[in-house]
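Q: I would like to learn how to read a model of this kind, feature by feature. Could we begin with the strands and how they are arranged?

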Amino acid sequence: MTFFNHLGRFILMIRGMFSRPENFKMYWKELMHQCAELGIGSMGIIAIISVFIGAVSTVQTAYQLVSPLIPKSTIAQIVRDTIILEFAPTLSCIVLAGVVGSKIASELGNMRVSEQIDALEIMGINTKAYLVAPKILASLIMIPLLVIFAMVLGIWGGRFAGSAANILSGATFDRGLLSGFLAYNVFFALIKAYTFAFIISSVPAYYGYNVEGGALEIGRASTSAVVTSCIMILLADYVLAAILL
Amino acid sequence: MIELKNLKKSFGENVVINDVSAVMETGKCNLIIGASGSGKTVLMKCIVGLFTPDSGEIVYDEQEFIRMTTEEKKAMRQKIGMLFQGSALFDSMTVEQNIFFPLDMFTNSTRAEKQKRVDEVLDRVKLKDAHKKFPAEISGGMKKRVGIARAIVLNPKYLFCDEPNSGLDPQTSLVIDKLIKEITEEYNITTVINTHDMNSVMEIGDKIIYMYKGDKEWEGSNKEIIFSKNEKLNSFIFASEFLQDAKDMRMLEMKGKIDNDRDMDDLLKNGL
């Protein structure tokens with residue numbers, strides 16, 4: 001299938017999500033369920049990754065900044081900006097593309113193969129609106145929050161590692177953290193988070209929703225969804241940086 | 001009543017349904033039979049709207065289905081119940097939640113009213129103790145019964161069953177067939193069953209449509225099918241010598257030359 005064929009079907013899927021809900025309460029319930037599944041369920045892995053990435057950033061930055069002319073607080077500045085601009089939004093979202101993306105693709109793929117989607121269609125339910133839209137919306141709500149969570153924990157991890165390894169004191173780290181802080185960087189990171197959240201949820205939803213075959217195809221769809229999402233995240237990362245920075 | 005008028009459906013060059021016209025009668029079990037690849041599943045998916053036919057008409061009680069707006073189709077689908085081949089139960093929900101789902105989505109009844117209706121339909125399909133079980137914890141026959149319960153919970157006017165006996169043992173198949181037949185008559189609904197199970201054909205086939213390579217090859221009832229002279233139909237339904245013998249025995253039974261000693265009530269009572 002050609003790229004344009006996929007793109008056309010993807011656009012049709014997104015367009016198909018916009019319809020009046022059959023029952024607003026049930027859609028709300030599904031949205032909340034997805035927020036818990038995709039957001040709360042990913043907090044653990046994001047917390048672990050962020051703390052360690054922050055810690056490693058501090059240690060490695062200190063290793064490279066050997067000049068006595070550069071103040072130690074610069075390490076905190078570098079760690080802060082690296083985490084806010086790149087690690088928290090991009091690395092977290094690459095991990096989430098694996099965790100959330102494979103979950104969405106396999107869940108929808110299994111529902112397609114076992115005719116659960118057909119069963120919902122027969123009942124008169126718009127399955128794109130009921131199954132796909134809450135996943136995308138939940139991702140758009142929860143992933144930026146997870147990115148903020150990753151920023152905080154990443155910086156905390158860096159501060160903790162700096163003190164634990166006697167690289168720089170907590171007070172020095174805090175001074176560097178506040179020095180030259182640009183609020184625009186957080187705004188930029190959030191724009192990236194929203195863009196990646198859409199990619200992480202919609203691309204796997206497309207692959208899962210359109211699975212044809214059986215268990216093997218569900219696995220293939222899940223893999224394709226994660227690989228495509230990762231590539232698109234990296235591409236979008238570059239495009240956004242080129243445009244907005 | 002559902003009327004099919006000159007339905008055609010192709011996938012690329014492959015013609016799957018070729019100019020099929022038929023009438024599915026209310027209060028009766030209308031069976032679509034045929035070998036694998038004969039087009040019966042595609043025909044059923046066209047009727048319920050999962051596939052759009054290339055041409056032709058599908059008329060549900062004088063309402064043309066294909067040309068309906070999306071909203072009209074949604075409303076019509078709420079009058080349709082369907083039992084899928086693999087039951088298609090939502091595996092993240094319990095049996096009870098599966099049946100609650102259509103009620104929650106489409107009715108404004110109170111929780112107590114919904115619970116009463118769920119208990120009623122589960123009782124109707126003889127599943128009293130499975131409320132809290134998940135689909136993975138119940139047998140194939142029970143899944144089919146839950147599927148039937150979910151399909152009838154909104155009191156549909158039309159019931160579609162895709163291979164209701166696939167993967168079931170003969171005794172459980174009889175139970176499912178009998179249940180579908182009873183529900184069809186009790187609620188006076190138009191039931192369309194897609195099957196290649198000859199037991200079903202003989203037991204509940206009020207009206208039978210035989211599909212062969214996309215064409216409607218034969219139409220009749222279970223009383224007529226064994227007397228049919230249609231060679232394609234005969235080679236399908238009496239595919240083995242055993243079945244040919246069974247046909248001869250059945251004809252002798254029907255002519256009263258030998259006794260029919262099958263006790264269905266006893267089988268249904270003690271069989272499972």
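Q: Which strands of chain B form the open sheet, and in what order?
A: Two strands pair if DSSP finds at least two bridges between them, and strands (E, at least two residues) and helices (H or I, at least four) are DSSP runs numbered from the N terminus. In chain B, four strands form an open sheet in the order S2-S1-S4-S5, with antiparallel pairing. Its edge strands, each pairing on one side only, are S2 (14-24) and S5 (63-64) of chain B. This is a predicted model, in which local features need pLDDT of at least 70 and side-chain atom pairs count only at pLDDT 80 or more, while totals for chains, interfaces and linings use all residues. Residues are numbered from 1 along each chain as its sequence is written, and chains are lettered from A and ligands numbered from 1 in the order in which they are written.

Q: How many bridges join S1(B) to S2(B)?
A: In a regular strand the side chains alternate between the two faces of the sheet. Here strand S1 (residues 2-11) of chain B runs antiparallel to S2(B), and seven bridges join them; B:Ile2 stands opposite B:Met24 in S2(B).

Q: In what sense, parallel or antiparallel, does S9(B) pair with S3(B)?
A: Strand S9 (residues 207-212) of chain B pairs with strand S3 (residues 29-34) of chain B in the parallel sense, over five bridges, and B:Gly34 stands opposite B:Met211 in S9(B). With strand S10 (residues 215-220) of chain B, S9(B) pairs in the antiparallel sense, also over five bridges, and B:Ile208 stands opposite B:Gly220 in S10(B). S9(B) and S10(B) form a hairpin with two residues between them, and B:Lys213 in the turn has a positive phi of about 45 degrees.

Q: What do the overall numbers say about chain B?
A: The radius of gyration is taken over C-alpha atoms, and the globule rule is 2.2 Å times the number of residues to the power 0.38. For 272 residues a compact globule would have a radius near 19 Å, and chain B, at 19 Å, agrees. Its 11 helices and 10 strands have C-alpha atoms that fill a box of roughly 55 × 50 × 30 Å along the principal axes.

Q: Why is helix H5 of chain A described as largely enclosed?
A: A residue is buried if 20 or more other C-beta atoms, placed from the backbone, lie within 10 Å of its own. Seven of the eight residues of H5(A) (residues 116-123) are buried, so the helix is largely enclosed by the rest of the structure; among them are A:Ile117, A:Leu120 and A:Met123. The elements covering these buried residues include H4 (73-113) and H6 (127-164) of chain A, as well as H1 (40-48) and H3 (95-106) of chain B. Just after H5(A), A:Gly124 takes a positive phi of about 95 degrees.

Q: How many residues of chain A are in contact with chain B?
A: Two residues are in contact if their C-beta atoms, placed from the backbone, lie within 7 Å. By this rule, 13 residues of chain A are in contact with 15 residues of chain B, and H5(A) gives the most to the chain A side, with six residues.

Q: Which residues touch the most other members of the largest nonpolar core?
A: A nonpolar core is a set of buried Ala, Val, Leu, Ile, Met, Phe, Trp, Tyr and Cys residues joined through C-beta atoms within 7 Å. The largest one has 127 residues, of which A:Ile143 and B:Ala149 touch the most other members, and H4(A) gives the most to this core, with 16 residues.

Definitions and conventions:
A residue is buried if 20 or more other C-beta atoms lie within 10 Å of its own, exposed if 12 or fewer, and partly exposed in between; C-beta atoms are placed from the backbone.
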